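Please take a moment to look over the structure below before reading on.

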Amino acid sequence: MPASPSTARAINDRLALRLLQQEGPLTAGRLKQLTGLSRPSVADLVERLTASGLIAVVGESGEQRRGPNAKLYGIVADRAQLAALDVRTEGVSVLVSDLLGRVLAEASAPIGDDAGTGPAVEQAVALVERVAKEAGADRLHTVGIGVPGLIDPVSGELRDSSGLPAWHRRLVDALQERLPQARVSVENETNLAALAEQRDGAARDRDTFVLLWFGMGIGAAVVLDGKLRRGASGGTGEIGFLPVPGTTGLPSATDCGGGFHSLAAAGAIAGLAAEHGVTAVPLAHEPRAAALVREAVDGAASPAADRFLDALADRVALGAAAVISVLDPGCVVLAGEIGRAGGTVLAARVQERLARMSPLPTEVRASSLGGEAVLRGALLTARDRAQDELFAPAR
């Protein structure tokens with residue numbers, strides 16, 4: 001059945017807004033070309049969107065042109081302010097942006113292991129409020145939060161985990177209480193990193209890929225046919241529990257020791273570096289295992305560094321091969337502090353090993369977003385959610 005007039009208008013408005021988001025300011029004539037709509041239809045939607053406060057005239061298309069047809073229309077970026085958080089066991093990073101994702105202010109703060117749950121939550125919430133004030137955001141519309149740990153796919157809440165600080169779970173509720181007008185959502189950090197790499201990073205040309213996260217812990221994010229897959233319980237990508245050869249035992253339902261975690265997480269990599277005589281002095285806020293991998297990459301010409309990187313690639317390839325045999329993603333992105341430190345050097349070694357281990361052709365890439373991937377993913381999800389609401393037709 002053909003769409004009703006009101007539905008057709010809503011579809012056209014949404015299309016125009018998406019084009020303005022992707023292309024930047026456009027004239028009515030250019031909107032007509034890109035949408036395929038008639039001139040009267042474009043004039044009507046421009047009038048509707050201007051009256052709703054979503055778009056405004058932001059300039060003219062050229063010095064030689066004047067008049068109504070030369071007006072450039074753009075999205076009103078300050079219609080809403082957004083916040084993104086990257087929550088780690090040792091601290092939190094925050095940024096505030098406008099509706100188009102332009103960063104207005106950002107800051108980070110450590111939260112010590114000895115901080116109690118209440119004080120830790122207060123530190124994190126106060127940081128959000130401070131950054132919002134610096135950005136001139138009197139009212140945050142949407143807040144996106146990236147955290148380690150499992151997210152319940154039904155409730156959207158962070159599950160209780162003995163491996164994470166208690167203040168992580170309290171933070172979401174505290175933010176909602178202090179920012180009652182904001183829409184607050186939480187997502188696993190590895191999933192957010194994958195979304196960011198898909199939209200703006202190493203996987204821009206891939207609609208199917210797996211991101212492997214190597215940091216204090218390890219995990220994976222699975223994107224199939226352009227969609228992030230979370231699984232029935234939200235546990236897709238819990239590869240720390242993956243049974244692999246080379247460990248001293250098997251993982252259990254409550255302990256990933258004996259699984260892939262025992263071979264490729266930060267502690268295991270630090271031990272592997274020590275076996276090969278690789279040492280490093282970490283940079284400010286750099287995890288020790290990442291520093292060891294970085295130092296080995298910088299000194300890859302030395303026999304010790306070369307052997308260490310080979311051994312590390314062997315371990316990474318074990319887990320990657322298991323994932324590939326089930327999903328056949330065609331592309332694997334190495335991320336997390338250790339994946340980033342290994343960069344293209346580690347990625348090339350892992351790809352070489354996978355080519356020998358698996359009949360399924362797989363390209364291995366290094367993350368291109370560095371340490372900003374989780375924060376970038378949190379911002380993208382917050383922006384999408386805010387635009388979905390603001391761009392929706394009025395009821």
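Ala84 has Gly144 in β7 as its bridge partner, and this pair belongs to the six bridges that join strand β4, residues 81-88, to β7 in a parallel arrangement. The model shown here is a predicted one, so each of these pairings is a computed feature of that model. On the question of how strands hold together, strands of a sheet pair through backbone hydrogen bonds, and they may do so in either a parallel or an antiparallel way.

Strand β7 also pairs with β8, the strand made of residues 183-188, through six bridges, and these two strands run parallel. Within this pairing, Thr142 has Arg183 in β8 as its bridge partner.

The strands β1 and β3, the latter formed by residues 71-75, are joined by two bridges and run antiparallel, and the bridge partner of Thr27 in β3 is Leu72.

Leu127 has its place in helix α4, which covers residues 117-134, and with a relative accessibility of 4% it falls under the 20% limit and so counts as buried. Apart from residues up to four places away in sequence, Leu127 touches Val92, Val94, Ala107, Ser108 and Ala109. The C-alpha atom of Leu127 is separated by 9.5 Å from that of Glu106, a residue 21 places away along the chain.

Glu337 is found in helix α11, residues 336-357, and because its relative accessibility is 16%, Glu337 counts as buried. When its neighbours within four places in sequence are left aside, Glu337 is in contact with several residues, among them Arg88, Trp213, Phe214 and Pro287.

Gly377 lies in helix α12, which runs over residues 373-390, and at 0% relative accessibility Gly377 counts as buried. Leaving aside neighbours within four places in sequence, Gly377 is in contact with Leu192 and Ala196. The C-alpha atoms of Gly377 and Asp86 are separated by 9.3 Å, although these two residues are 291 residues apart along the chain.

With these details in mind, the whole chain can be considered. Its secondary structure comes to twelve helices and 13 strands, and 48% of its 395 residues count as buried. Of the contacts between residues at least 6 apart in sequence, 62% join residues that are at least 24 apart. A compact globule of 395 residues would have a radius of gyration near 21 Å, and the 24 Å of this chain agrees with that. Along the principal axes, the C-alpha atoms fill a box of roughly 75 × 50 × 45 Å.

Finally, the surface and the charges complete the picture. The chain exposes about 18,600 Å², and carbon and sulfur atoms supply 51% of this area. The chain has 40 positive and 46 negative charges, whose mean positions are 7 Å apart.

Definitions and conventions
Residues are numbered from 1 along each chain as its sequence is written. This is a predicted model: local features need pLDDT of at least 70, side-chain atom pairs count only at pLDDT 80 or more; totals for chains, interfaces and linings use all residues. Side-chain values use heavy atoms; hydrogens and water are left out. Helices (H or I, at least four residues) and strands (E, at least two) are DSSP runs, numbered from the N terminus. The radius of gyration is taken over C-alpha atoms; the globule rule is 2.2 Å times the number of residues to the power 0.38. Buried means under 20% relative accessible area, exposed over 50%, partly exposed in between (1.4 Å probe, protein chains only). Contact means heavy atoms within 4.5 Å. Accessible areas come from the Shrake-Rupley method with a 1.4 Å probe; for residues, only the protein chains shown count as cover. Lys and Arg count as positive and Asp and Glu as negative; His and the chain ends are not counted. The place of a charge is taken as NZ of Lys, CZ of Arg, CG of Asp or CD of Glu. Two strands pair if DSSP finds at least two bridges between them.
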